[in-house]
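The sequence and coordinates are shown first.

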Amino acid sequence: MAEDFLASALAAEASSRAPHDPDYPLFHVAPPVGRLNDPNGLIEVDGTYHAFFQYTPEHPRKLVYWGHATSRDLTRWDYHAPAILPDARQDRNGAYSGTAIDAGDHIELWYTGNYKDAETGEREATQCVVTTTDMVHFDKQVPPVIDRQPDGYTAHFRDPQVWRDTDGSYRMLLGVQRGNLTGAALLYRSTDLRAWECEGEMTFPDAGGAFDAFGYMWECPNLVRLTDEETGEARDVLIFCPQGISPDREGFENVFPCVAVVGELVGTELRGADGSFEELDRGTEFYAPQIMARSASTPPELPTLLFGWAGNAGEDDQPSIETGGWVHCFTAPRALALRGGRVIARPYLPGLPLAPATLEGAPGDEAGARVVELVGSRSWRLSFDASYEGALSVRIGSGSGLDVTLEEGRLTVDLTGTRYPHGGRRVVTLDAGEARRVEILHDRSITEIYLGDGSRVFTTRTFLRGEGAGVALSGAASVTNVSAARAD
């Protein structure tokens with residue numbers, strides 16, 4: 001008798017302890033039960049934001065679904081039955097990552113089907129589609145639309161991004177591994193979303209060979225067009241996760257990194273990309289980010305939004321497994337733009353608007369200066385300006401074990417006293433002026449630090465000790481223009 005995958009997932013959710021866990025986030029997407037990883041199929045339709053995600057409800061049993069959450073304000077999330085089940089041969093070993101596209105009279109969810117032969121261990125990766133007219137009922141198309149990788153590439157062939165090009169045709173971007181075990185991105189084109197022709201690899205004619213052997217696999221590629229706030233010029237930005245790179249410079253400390261390359265896509269060439277790349281997030285947990293797609297109903301003023309996975313491959317041994325039977329979450333949504341050719345990211349939380357806040361105490365006091373509105377809160381948003389004569393200490397909760405120190409040219413995040421097992425101590429060198437504008441999001445067990453009006457971002461899981469409530473600022477720095485909001 002065939003297994004009822006939906007019933008299995010719903011049974012796991014019905015017995016979930018996750019929502020009762022004090023570490024379970026309030027305004028970040030997290031799994032109803034089990035494990036969450038990559039953001040998938042992000043799209044706004046008729047005022048509702050849909051966030052799908054890699055989902056293993058019976059973790060550690062490796063049955064990978066697409067979970068589904070919705071929100072009207074990107075802050076309060078409702079969870080629904082899984083949208084894609086691993087119930088066909090093409091996705092028997094997982095419905096892997098992909099994106100969404102508005103196809104006119106319906107929405108399509110594109111994903112990679114993973115099948116592994118039980119006897120030989122040979123992997124098959126196929127590109128598959130699910131269609132929906134109401135974002136409630138999801139119809140899987142069988143067989144796969146693209147049934148194998150082109151010659152010259154291994155079965156590491158996944159994570160499709162599909163979009164409509166300016167000429168009315170459709171394009172698909174995929175992360176791949178070449179036969180020589182180096183990473184790349186492939187481009188496909190179609191006129192009807194069903195018959196696809198491989199155009200070839202994305203190339204970088206002005207990069208001096210910098211990306212010719214850049215890691216052993218490129219995961220989760222996304223191409224997005226952003227406008228530079230300084231010049232008004234629109235540029236194409238390739239965001240991807242190159243596995244196996246070790247640049248000889250500060251950063252790149254996680255298992256795998258995520259980078260951005262800026263240029264202009266012409267055909268398959270990303271022209272103007274000079275070989276430089278930037279790490280998108282300097283924190284301890286950030287991977288597999290995805291751009292939110294637009295539908296015909298999306299208002300033009302909605303900024304380009306990105307969600308990331310606040311997790312890393314191979315790091316599932318987090319405290320929440322024991323306390324609540326769940327692990328990992330998304331970052332908050334981030335509005336993207338360019339500034340001077342560099343990607344900037346600002347938190348975008350219309351359901352958690354900032355309002356002026358006041359401080360009690362004064363810089364240099366033993367107790368520090370506390371944001372009154374956040375006393376007792378374990379989920380909040382805080383922004384302020386700072387000028388430095390020395391270091392500024394940010395303490396989230398008394399005795400929490402988390403030490404954040406801001407200086408004119410440096411950010412230090414010390415997690416060694418928390419319950420988080422993978423953080424240690426991170427030091428980030430800041431550009432001039434970056435520490436002067438600060439925004440911090442804290443949601444029970446995840447903390448995001450945005451500096452320089454989005455020019456530097458640091459995401460970490462912070463499983464605090466004790467209650468971890470409120471926030472105190474102390475040290476030789478002047479803090480002004482304070483705004484805050486609480487989610488609890």
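Strands E33 and E34 (residues 456-461) pair in the antiparallel sense over six bridges; strands here are DSSP runs of at least two residues, numbered from the N terminus, and two strands count as paired if DSSP finds at least two bridges between them. Within this pair, Tyr450 has Val457 of E34 as its bridge partner. The two strands form a hairpin with four residues between them, in which Gly452 takes a positive phi near 60°.

The model is predicted: local features need pLDDT of at least 70 and side-chain atom pairs count only at pLDDT 80 or more, whereas totals for chains, interfaces and linings use all residues. Residues are numbered from 1 along each chain as its sequence is written, and side-chain values use heavy atoms, with hydrogens and water left out.

Strand E32 (residues 437-443) also pairs with E33 in the antiparallel sense, over six bridges. Here His442 has Thr447 of E33 as its bridge partner.

| Hairpin | Residues between strands | Turn residue and phi |
|---|---|---|
| E33 and E34 | four residues | Gly452, near 60° |

How many residues of E33 (residues 446-451) are buried? Six of its six residues are buried, that is, under 20% relative accessible area with a 1.4 Å probe and protein chains only. In a regular strand, side chains alternate between the two faces of the sheet. In E33 both faces are covered, with Ile446, Glu448 and Tyr450 buried on one side and Thr447, Ile449 and Leu451 buried on the other.

A further sheet is open and has four strands in the order E9-E10-E11-E12, with antiparallel pairing. Strands E9 (153-164) and E12 (196-201) stand at its edges with a single partner strand each, so one side of each has no neighbour in the sheet. Five bridges join E11 (residues 183-190) to E12, and Ser190 has Trp196 of E12 as its bridge partner.

The largest nonpolar core has 52 residues, of which Trp77, Val237, Ile239, Phe330 and Leu336 touch the most other members. Such a core is a set of buried Ala, Val, Leu, Ile, Met, Phe, Trp, Tyr and Cys residues joined through side-chain atoms within 4.5 Å. Apart from it lies another core, of 33 residues, including Ala357, Leu374, Val428 and Phe458.

Definitions and conventions
Buried < 20%, exposed > 50% of the residue type's maximum accessible area, 1.4 Å probe, protein only.
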